[in-house]
Amino acid sequence: MSSQAKIIAAADLPAWRNRMRTENRRVVVTNGVFDLMHRGHATYLEQAADLGDCLLVLVNDDASVTALKGPSRPIVSEQDRAAMVAALECVGAVSVFHGPVAADALRAAAPDVYVKGGDYTVDSLNRDEFAALQACGSAIKILPLVPGCSTTTIINRIMTPQTLFGTTGKAATLDERLAPIFGRRSVREFLPRAVEQREIAALLEAAMAAPSARATYPAEFIVLNDPGRLNAVAEFLPNGRFLAKAPLGLVVCGDLSRACHGELSYLIQDCSACIENLLVAAHLLGLGACWLGVHPNADRVAHLKEYFQLPESIIPISAIALGWPAKTPPPRTNYDASQVHLNDW
Ligand SMILES: Cc1cc2nc3c(=O)[nH]c(=O)nc-3n(C[C@H](O)[C@H](O)[C@H](O)COP(=O)(O)O)c2cc1C
């Protein structure tokens, strides 16, 4: 018998059932979604078929799969799911049923034995389906599931971050809308040109627009445009000596007494958000900037606290060198798909 000939329209189920009766064949019925067939399905259907002479599989239509499993399902259409089930040797007949429950189809199919997978119990069967089975005098058999086999597992394996989000990240760098993100690079050489007051104000405003835990905004900014001051601060920063040659510098501090729950970690996170905003804003204005590490280096923190005579609760977090770029590093992505985890580690 061709697998297509095994597929029966819902309206033809009573006639099919009569034929089974005249042929004196014991009918086993099960129902399910069968979206992405796997070994668990095959094992379960083979075991079900062994319980009688002809196994009828009632397959959920597409609308009921969407209602049950969500808008991304089914992956395979009802016709194709029915065809795949029908192609199994152990399956005698397949019918797609419509609506959320299979009660009508079960009444028409009048199973001698009704089989369900092991995530169900007789008590958890749908009440309408259970009533239909009782009316037909069907025996009910729950079969164990094959562990580790599920359509959801297969979908999660296919939907890796690599396949979903790409392996290179090159698409994002080419997207004009994201140009300020990828174009922001650390600039360490500057033209001998002052940064104007309005640009400094814009940078500070951008910095203070950053998110802050519990909106406590604990960041404080020391603006340096005096060459003597820039030089002195550069002295404390072994990796930031070029600050001395920048027309503008900032020391970003945080007030621990204003940080969320008085926590240093929140203080650093809030200040870092400000710094990143400021760096991107500088790039958008055509300026160049470089983040210069201070905290948690104890020497640098102590030197800056001492130099600026900072109050007890004020902690220097970072410095920033700023100016008109003498050299502009090219935009780039650091995207690494191996650092992305989907729904799990
Ligand atoms: C917390 C922190 C501290 C940094 N400290 C320094 C520093 O002391 N000197 C420096 O030249 N760059 C410093 N940088 C800049 C990094 O070296 C730079 O961001 C990194 O090499 C990536 O290059 P990019 O900014 O051009 O993308 C620091 C960056 C961060 C986030």
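The model is predicted, so local features require a pLDDT of at least 70 and side-chain atom pairs a pLDDT of 80 or more, whereas totals for chains, interfaces and linings use all residues. Residues are numbered from 1 along each chain as its sequence is written, and side-chain values use heavy atoms, without hydrogens or water.

**Stop 1: the paired strands**

Begin by selecting strand E1, residues 27–32. Helices (H or I, at least four residues) and strands (E, at least two) are DSSP runs, numbered from the N terminus. Six of the six residues in E1 are buried; buried means under 20% relative accessible area, exposed over 50%, and partly exposed in between, with a 1.4 Å probe and protein chains only. Val27, Val29 and Asn31 point one way from E1, while Val28, Thr30 and Gly32 point the other way.

E1 and E2 run parallel and are joined by six bridges; two strands count as paired if DSSP finds at least two bridges between them. Val28 stands opposite Leu55 in E2.

Next, select strand E3, residues 93–97.

**Stop 2**

In soluble globular proteins, nonpolar side chains tend to be buried together. A nonpolar core is here a set of buried Ala, Val, Leu, Ile, Met, Phe, Trp, Tyr and Cys residues joined through side-chain atoms within 4.5 Å. Select Leu203, Phe221, Leu278, Ile320 and Leu322, the residues with the most contacts inside the largest core, which has 28 residues. The elements that give two or more residues to this core are helix H11 (197–208), strand E6 (219–224), strand E7 (248–255), helix H13 (264–284) and strand E9 (314–323). H13 supplies the largest share, eight residues.

Which residues does Leu203 touch, not counting those up to four places away in sequence? They are Leu278, Ala281, Ala282, Leu285, Leu287 and Leu322, a contact being heavy atoms within 4.5 Å.

A second, separate core has 23 residues, including Cys253, Val294, Leu304 and Phe308.

**Stop 3: the surface**

Return to H11 and select Ala202. This residue counts as partly exposed because its relative accessibility is 30%.

**Stop 4: salt bridges**

The whole structure has ten salt bridges, each a side-chain nitrogen of Lys or Arg within 4 Å of a carboxyl oxygen of Asp or Glu. Select Arg19, Glu23 and Arg25, which are linked in a network of salt bridges. The closest N and O atoms are 3.6 Å apart between Arg19 and Glu23, and 3.3 Å apart between Glu23 and Arg25. Arg19 is partly exposed, with a relative accessible area of 40%; Glu23 is partly exposed at 39%, and Arg25 is partly exposed at 30%.

Select next Arg81 and Asp62, whose closest N and O atoms are 2.7 Å apart in a salt bridge. This pair links distant parts of the chain, 19 residues apart: Arg81 is in helix H4 (residues 78–86) and Asp62 in helix H3 (residues 62–69). Is Arg81 buried or exposed? Arg81 counts as buried because its relative accessibility is 1%.

**Stop 5: the backbone**

Most residues other than glycine have a negative phi, and most peptide bonds are trans. Select Arg73 and Pro74, which are joined by a cis peptide bond with omega of about 5 degrees; Pro74 is in the loop between H3 and H4. A cis peptide bond also joins His295 and Pro296, with omega of about 10 degrees. Pro296 is found in the loop between strand E8 (288–293) and helix H14 (298–307).

Finally, select Phe34, in the loop between E1 and helix H2 (39–49). Phi of Phe34 is positive, near 55 degrees, and the residue counts as buried at 5% relative accessibility. Leu36 lies in the loop between E1 and H2, and its phi is also positive, near 60 degrees.
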